[in-house]
Amino acid sequence: MAASCSFRSVVRAPPLSRSLARSAVRCRRAATPGAGGAASTSKLVVEVKERLAREHPGLPTGRNGRDDDDMILWFLKDRKFSVDEAVSKLTKAIKWRQDFGVSELSEESVKGLYQTGKAYVHDSLDIDGRPVLVVIAAKHFPSTQDPVENEKLCAYLVEKAINRLPSGEENILGIFDLRGFRVENGDLQFLKFLQLGQVLFVDAPFVFQPMWQVVKPLLRSYASLVRFCDSETVRKEYFTEETVPPDFHC
């Protein structure tokens, strides 16, 4: 479905991060562990960092690397502060970014699919100050478009959205415009993209519902991030008249 990134890699080795931590996209806020609060969280960050250095010294350092505190904290939150799980997911994510060359992606390198207009980062934030990633499902044809190029486009756009996160904000709003959606636009890979913070399925037609019923159980808790709504709701509840995405103007 829309702008598949393979819409994120199965290992959740996403392109994410303003240090990955400010995502994605897919960023659920989590409570800090126990009564120790910030101090306890800081200790966990250090523990993860030390384990990565000891067990995976070949991983890159710096932004989006094994010693990136923000990224480590984000993965700890996502894994409910399980050090073992955070280390495992971080290792896969960093290796994926490195192997896929996420940091080298540019608008020019994804120009072919980018020019189709099937996905883009909106120029304005929504009313809650979140970057907005818009996907036009009717322009996505997974059977005829190169899946690797789709993944590059997704990675580039998610990175672009993350780089627009205001200070203190962790969430991205994903809007899937399902007007005109047909069977040939369907792509189950889109489920990996439903980890942004909130996802809107806009004007979903009946033909979309069977796919959603298959995908929903696979998402588990992430399914709660999804809201079905109409175009008017997008305009009135998420934007001002001046900031609404062009595809949702009256």
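This passage describes the fold, the surface and selected residues of a predicted protein model. Because the model is predicted, local features are reported where pLDDT is at least 70 and side-chain atom pairs count only at pLDDT 80 or more, whereas totals for chains, interfaces and linings use all residues. Residues are numbered from 1 along each chain as its sequence is written, and side-chain values use heavy atoms, with hydrogens and water left out.

The secondary structure of the protein consists of 7 helices and 5 strands, where helices (H or I, at least four residues) and strands (E, at least two) are DSSP runs numbered from the N terminus. Along the sequence, these elements follow the pattern α-α-α-α-β-β-α-β-β-α-β-α. Of the 250 residues in the protein, 54% are buried; a residue is called buried when its relative accessible area is under 20%, exposed when the area is over 50%, and partly exposed in between, with a 1.4 Å probe and protein chains only. The accessible surface of the protein comes to about 11,100 Å², and 51% of this surface belongs to carbon and sulfur atoms.

Asn64 counts as buried because its relative accessibility is 6%. Asp203, likewise not a glycine, has a positive phi of about 50° and is found in the loop between strand E4 (197–202) and helix H6 (209–219). With a relative accessibility of 28%, Asp203 counts as partly exposed.

Side chains of opposite charge can pair when their charged atoms come close. The structure holds 14 salt bridges, a salt bridge being a side-chain nitrogen of Lys or Arg within 4 Å of a carboxyl oxygen of Asp or Glu. Among them is the pair formed by Asp128 and Arg130, in which the closest N and O atoms are 3.6 Å apart; Arg130 is buried, with a relative accessible area of 9%. Another salt bridge joins the side chains of Arg179 and Asp177 at 2.6 Å, N to O. In this pair, Arg179 is partly exposed, with a relative accessible area of 32%, whereas Asp177 counts as buried at 4% relative accessibility.

A further salt bridge is made by the side chains of Lys236 and Glu232, again described by an N to O distance, here 2.6 Å. Because Lys236 and Glu232 are 4 residues apart in helix H7 (residues 231–238), they are separated by about one helical turn. Lys236 counts as exposed at 61% relative accessibility, while Glu232 is partly exposed, with a relative accessible area of 38%.

Glu85 belongs to helix H3 (residues 83–100) and is partly exposed, with a relative accessible area of 40%. Glu85 and Phe75 are separated by 10 residues in sequence, and their C-alpha atoms are 8.6 Å apart in space.

Notes
Accessible areas come from the Shrake-Rupley method with a 1.4 Å probe; for residues, only the protein chains shown count as cover.
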